Amino acid sequence: MTDYHVHIGQYHAVYYYADRVFSALRKAGVDEAWFSSTTSCLYCEERALYEGVRGEVRDALKAAAEIGIKAHPLYWVVPSVHFAKAVTVKQAMSETAYGGFKIHPFAQKWDLQDARTLALAKEIFSYAEAHEKRILIHCGDDEFEKPALFEPLIACHPRVTVQLAHCRPLKETLEMLKKYPNTVCDSAFASEETLLAIREAGFADRIRFGTDFPITHYFSERPNHDPTTDELMAWFSSTPAQSCTPQSSPPR
């Protein structure tokens with residue numbers, strides 16, 4: 001089973017170690033995972049942030065190989081890192097075995113009316129298309145995180161698989177699925193009603209399974225310490241509805 005929406009790294013006051021996350025997923029039956037690091041949401045010196053996340057991803061890939069999970073990291077693009085010239089898109093993708101990109105308009109500002117931001121977004125889509133990389137975009141109900149924000153880029157790069165995380169808003173998700181064959185959506189924090197509506201619209205084959213783990217664990221347990229492997233495994237075993245069934249709304 002493939003989980004298309006997984007995280008590692010710092011999340012609020014706790015840290016989710018990759019080996020612990022992957023061990024819990026493996027026990028739950030996941031043998032392939034697409035992941036990104038929530039440490040990307042920290043605010044610190046741009047080069048230090050880039051190098052820190054790069055180190056996390058490399059360690060995570062080693063852990064995944066030892067555990068027996070086929071792991072695909074996504075490069076979580078932080079615009080300020082690129083504006084500060086801490087790294088280029090080409091350099092980031094060449095230094096680490098990233099399988100694609102993650103764009104999070106809620107965590108970082110993606111104002112495509114701004115020339116620098118638009119240029120960065122165009123560079124990401126062009127690179128993804130040239131190198132067969134996927135792009136995961138966090139989508140939500142606010143104007144600045146709706147999937148239509150990136151519609152011109154999606155339309156201009158039909159060979160790029162674009163994953164619309166959370167299926168939000170449903171109306172716009174359906175519109176994007178209808179208009180662009182290169183779009184898919186994931187079930188992370190999507191309600192059963194939302195997923196049913198997408199299936200009934202004829203797009204069952206465009207839904208990708210995603211747990212958003214361990215964010216689901218965090219909002220369920222509100223841990224005050226770094227969760228251990230045993231705790232994460234026990235959570236999966238004791239709360240299957242939360243670990244394997246999408247929830248009604250994504251975290252902010």
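**Exercise 1. Find where Glu132 lies, and decide whether it is buried or exposed.**

Step 1. Glu132 sits in the loop between α5 (115-131) and β6 (134-138), where helices (H or I, at least four residues) and strands (E, at least two) are DSSP runs numbered from the N terminus. This is a predicted model, in which local features need pLDDT of at least 70 and side-chain atom pairs count only at pLDDT 80 or more, while totals for chains, interfaces and linings use all residues. Residues are numbered from 1 along each chain as its sequence is written, and side-chain values use heavy atoms, with hydrogens and water left out.

Step 2. Although Glu132 is not a glycine, its phi is positive, at about 55 degrees.

Step 3. Glu132 counts as exposed because its relative accessibility is 74% (buried means under 20% relative accessible area, exposed over 50%, partly exposed in between, with a 1.4 Å probe and protein chains only).

**Exercise 2. Describe the largest cavity and what lines it.**

Step 1. Searching the whole structure gives three cavities of 30 Å³ or more, a cavity being a set of points on a 1 Å grid over the protein atoms alone where a 1.4 Å probe fits but cannot get out. The largest cavity holds about 50 Å³ of space, where a volume is the space filled by probe spheres set on the points, which are joined across faces, edges and corners.

Step 2. Its lining residues, which have an atom within 4 Å of a point, are Ser40, Leu49, Tyr50, Val53, Tyr75, Trp76, Val78 and Val81. The elements giving two or more residues to this lining are α2 (46-67) and β4 (70-76), and the largest share, three residues, comes from α2.

**Exercise 3. Name the residues that touch the most other members of the largest nonpolar core.**

Step 1. A nonpolar core is a set of buried Ala, Val, Leu, Ile, Met, Phe, Trp, Tyr and Cys residues joined through side-chain atoms within 4.5 Å.

Step 2. Among the 62 residues of the largest such core, Phe22 and Phe101 touch the most other members. Apart from that core lies another, of nine residues, including Leu177 and Ile198.

Definitions and conventions. 1 Å grid on protein atoms, 1.4 Å probe; cavity = no way out; pocket = protein on both sides within 12 Å on 5 of 7 lines; lining within 4 Å.
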